[in-house]
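This report describes selected parts of a protein model. Please look over the sequence and the structure before reading on.

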Amino acid sequence: MTQEPITIAIIDDHDMFRAGVRASLEPWVQVIAEAGDVDSAVAVLHATTPAVVLLDVHMPGGAGGGGAEVLARCQDLAATTRFLALSVSDAAEDVVAVIRAGARGYVTKNISGEQLCDAIRRVDLGDAVFSPRLAGFVLDAFGSQSAPATHDDELDRLSAREQEVMRLIARGYTYREVAAELFISIKTVETHVSAVLRKLQLSSRHELTRWAAARRLL
Amino acid sequence: MCHDHCVSLFLPNVDTAERLPLRRPSVGRRLGGVCQGLALHLRVPVRTVRMVMLLAALTFGLGLVAYLFLWLTIPAGDPVALANELDVDARLVAQPNAVPPPQDGEVGGTASWWERIPLRDIATGVILVTVTVMLIADRLGAHLQWTWVFAGLIVLVGLFMAWGQLDSSRRGSLLEQAGGRTPVGVIRIAGGIALVIVGALLVLGQDREPSLMWQSLLASVVVLLGVAIVLAPWWLRTLNALGEERAAREIAKQRADIAAHLHDSVLQTLALIQRSVDQPGEVTRLARNQERELRAWLYNDRSSPGTSLASEARAVVANVENTMIDSLGTSQAISIDLVVVGDARPDENSEALLSAMNEALKNAVRHGRPPVSAYLEVRADVIEVFVTDRGDGFDVSMLGAVGPDRFGVRESIIGRVQRRGGSVEFRKMAIGGTEVKLSMPRQGHPVRSSVSPDGAQSLAPDSGPLGRKVL
């Protein structure tokens with residue numbers, strides 16, 4: 001572990017939630033900034049440049065874009081600051097929106113303090129954090145069945161190994177359990193997950209957005 | 001009803017709160033329901049109103065004009081229902097000294113022999129007789145101004161066509177359907193206007209020469225156009241205001257919907273949660289159920305029953321969470337994380353699979369340790385379910401010698417799935433905990449590998465990662 005605590009910012013419009021997160025994380029991380037709406041979030045992030053930002057998906061202010069808008073307006077910080085989306089929403093639309101906007105991970109708010117801490121550490125090291133549900137979304141969006149040959153672009157398909165990793169994460173396995181299950185190192189698991197994240201962010205697949213939108217209308 | 005409030009502003013002593021709104025009820029009406037409506041509104045006996053109207057009608061037809069005017073301007077509707085809707089004091093309806101609503105009083109009364117006289121038919125008859133008398137009088141040599149009569153008739157018919165729209169009781173529904181512009185309405189307006197113009201021309205142009213007629217027609221059209229151009233902005237603004245008001249009302253209605261929903265579900269649950277603070281399990285159960293319900297409501301994640309395997313799986317998880325709380329006591333919080341990938345239409349196979357999943361989840365909750373997670377994936381030819389817990393592990397070797405005590409697992413999980421051609425695997429996870437894998441071929445996709453009848457092979461412990469400790 002790093003010697004100094006990781007500097008983080010909590011961007012969420014609920015004071016109670018910010019206080020709760022701060023209380024459960026304080027010993028391990030250093031909260032250096034907080035904000036409750038899009039505009040003040042952008043300002044405070046540029047002023048403080050924390051290592052990791054916990055970002056709520058739904059927030060007031062700005063152009064109404066919420067977390068995705070903060071991400072878009074903080075593109076210049078991408079080299080130093082990493083974003084972890086944190087939301088109560090399970091809606092595929094929201095999840096896909098923030099991930100596509102550049103978040104390194106997505107966890108739901110009922111995550112335990114310990115798990116959240118672990119996730120922050122992981123994001124700080126440049127890895128991706130996938131909750132079981134996000135992994136499920138990925139499998140759903142990229143097609144859990146072996147992709148048809150029409151999509152030849154490497155970005156549009158998950159490799160067999162990546163699918164396996166995603167499937168295990170969706171089944172509730174931790175990275176360590178995935179590694180044990182597949183006889184690979186945790187580092188390799190992280191590599192796979194990061195690769196999936198990259199595909200999720202960069203894939204030009206139209207289906208992804210359409211799928212996310214359709215999920216909402218089911 | 002606005003009228004009522006306005007009146008109460010100026011006449012504070014008048015008790016307007018108890019007045020029924022001015023509407024023409026459809027029940028108990030004799031002609032157009034005007035007297036009935038007036039009587040209910042003014043809280044006077046209907047008979048009095050009718051007598052007054054009749055007397056007024058006999059004095060130079062004053063009552064007739066008033067009646068027609070009121071008929072056209074008072075919208076049809078049930079004043080009592082409207083009053084309830086508007087939340088005007090509902091006790092009024094039940095008050096004995098108030099005018100009884102028509103349903104109770106007038107209709108079905110024994111003393112209403114004259115109520116049954118078909119006034120409408122009589123009115124029609126009177127008109128026909130009058131016309132006949134006039135025709136006969138004309139034949140007999142009386143000199144009638146036929147042109148005037150015809151022109152007047154045409155104008156009257158036109159007016160009725162145009163104004164009669166107001167009377168249509170289906171007006172509201174029609175307006176809603178077509179945004180105020182129904183073909184029938186347009187035809188009525190256009191026909192009415194045409195008839196009135198023709199009638200007016202007939203009246204005015206009786207003895208004049210055609211060229212003068214044309215000139216005056218042109219002039220009047222030009223004047224009308226000018227007025228229309230001047231009034232157009234005002235009219236448009238009114239239309240816009242109307243649209244805005246409608247939108248605002250729609251939003252208000254939605255908001256009321258949300259408020260009602262929150263009140264019915266969320267606030268109730270919060271109250272329940274506060275009452276059961278000493279029972280963490282119960283609190284969790286309430287919160288989880290509320291969360292599920294609210295999510296389904298917010299994200300429209302509802303599907304009609306029998307169409308979505310995913311939502312049935314969610315229902316199974318909810319059911320396990322709810323029932324296990326009862327059997328395990330309320331001190332323990334139970335929450336099962338479910339992830340579903342893909343979806344399918346449920347059939348008998350998936351039904352059996354979900355029942356087995358139900359049992360596996362109960363087992364995991366009872367014998368395992370949280371977090372318990374379930375994963376359901378619908379693949380091209382097979383549906384797979386994984387139920388994972390972090391308990392000390394279920395001794396897989398025990399299954400080989402399944403005793404009668406293990407009948408639950410054997411029958412409810414293994415038997416159910418195998419009878420439908422699926423397979424069950426119990427594994428001890430490398431890291432601790434047990435995982436049950438249920439797979440079931442989808443209907444129309446027969447299993448490729450044959451399943452042995454006794455199921456021994458699929459029951460045999462997976463020789464792969466099992467038992468091998470990976471650190």
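B:Ser373 has a relative accessible area of 6% in this predicted model. Because the cut-off for a buried residue is under 20%, B:Ser373 counts as buried. The residue lies in strand β2 of chain B, which covers residues 372-378. Leaving aside residues up to four places away in sequence, B:Ser373 touches A:Arg171 and A:Gly172 as well as B:Asp337, B:Phe386, B:Val387, B:Thr388 and B:Arg390. A polar atom of the B:Ser373 side chain lies 3.0 Å from the backbone oxygen of A:Arg171.

**The sheet in chain B**

Strand β2 of chain B belongs to an open sheet of five strands, in the order β1-β2-β3-β5-β4, with mixed pairing. At the edges are β1 (336-341) and β4 (423-428) of chain B, each of which pairs on one side only. From one strand to the next, the twist averages 10°. Strands of a sheet pair through backbone hydrogen bonds, and the pairing may be parallel or antiparallel. In chain B, β4 and β5 (residues 434-441) run antiparallel and are joined by six bridges. Within this pair, B:Val424 stands opposite B:Leu438 of β5(B).

**Helix α8 of chain A**

Strand β4 of chain B is also one of the elements against which the buried residues of α8(A) pack. The others belong to chain A: α5 (113-124), β6 (129-130), α7 (160-170) and α9 (186-202). The buried residues are A:Tyr175, A:Glu177, A:Val178, A:Ala179, A:Ala180, A:Glu181 and A:Leu182. Just after the helix comes A:Phe183, which takes a positive phi of about 55°.

**Two helix pairs in chain A**

Helix α7(A) packs with α8(A) and also with α6(A), which covers residues 132-142. The table gives the geometry of each pair.

| Helix pair | Angle | Distance between axes |
|---|---|---|
| α6(A) and α7(A) | about 140° | 7 Å |
| α7(A) and α8(A) | about 130° | 10 Å |

Angles over 145 degrees count as roughly antiparallel, and those from 65 to 115 as roughly perpendicular. The angle of about 140° is therefore classed as oblique for α6(A) and α7(A). The angle of about 130° likewise makes α7(A) and α8(A) oblique to each other. As for handedness, α6(A) passes α7(A) in a left-handed crossing, whereas the crossing of α7(A) and α8(A) is right-handed.

Which residues of α6(A) meet α7(A)? They are A:Pro132, A:Ala135, A:Gly136, A:Val138 and A:Leu139, and their partners in α7(A) are A:Gln163, A:Met166, A:Arg167, A:Ile169 and A:Ala170. Toward α8(A), helix α7(A) contributes A:Arg161, A:Glu164, A:Val165, A:Leu168 and A:Ile169. These meet A:Tyr175, A:Val178, A:Glu181 and A:Leu182 in α8(A). An α-helix has 3.6 residues a turn, so residues three or four places apart point the same way.

**A parallel strand pair in chain A**

Chain A also contains strand β1, residues 6-11, which is mostly covered: five of its six residues are buried. Strand β1(A) runs parallel to β2(A), residues 29-35, and six bridges join the two. Here A:Ala9 stands opposite A:Ala33 of β2(A).

Key
Residues are numbered from 1 along each chain as its sequence is written. Chains are lettered from A and ligands numbered from 1 in the order in which they are written. This is a predicted model: local features need pLDDT of at least 70, side-chain atom pairs count only at pLDDT 80 or more; totals for chains, interfaces and linings use all residues. Side-chain values use heavy atoms; hydrogens and water are left out. Two strands pair if DSSP finds at least two bridges between them. Helices (H or I, at least four residues) and strands (E, at least two) are DSSP runs, numbered from the N terminus. Axes are lines fitted to C-alpha atoms, for helices over the stretch in contact, and angles run from 0 to 180 degrees between N-to-C directions. Buried means under 20% relative accessible area, exposed over 50%, partly exposed in between (1.4 Å probe, protein chains only). Contact means heavy atoms within 4.5 Å. A polar contact is a pair of N or O atoms within 3.5 Å; within protein, one must be able to donate a hydrogen and the other to accept it, and residues adjacent in sequence count only if both atoms are side-chain atoms. Angles under 35 degrees count as roughly parallel, over 145 as roughly antiparallel, 65 to 115 as roughly perpendicular and the rest as oblique. A crossing is left-handed if the near helix is turned anticlockwise from the far one by less than a right angle, and right-handed if clockwise.
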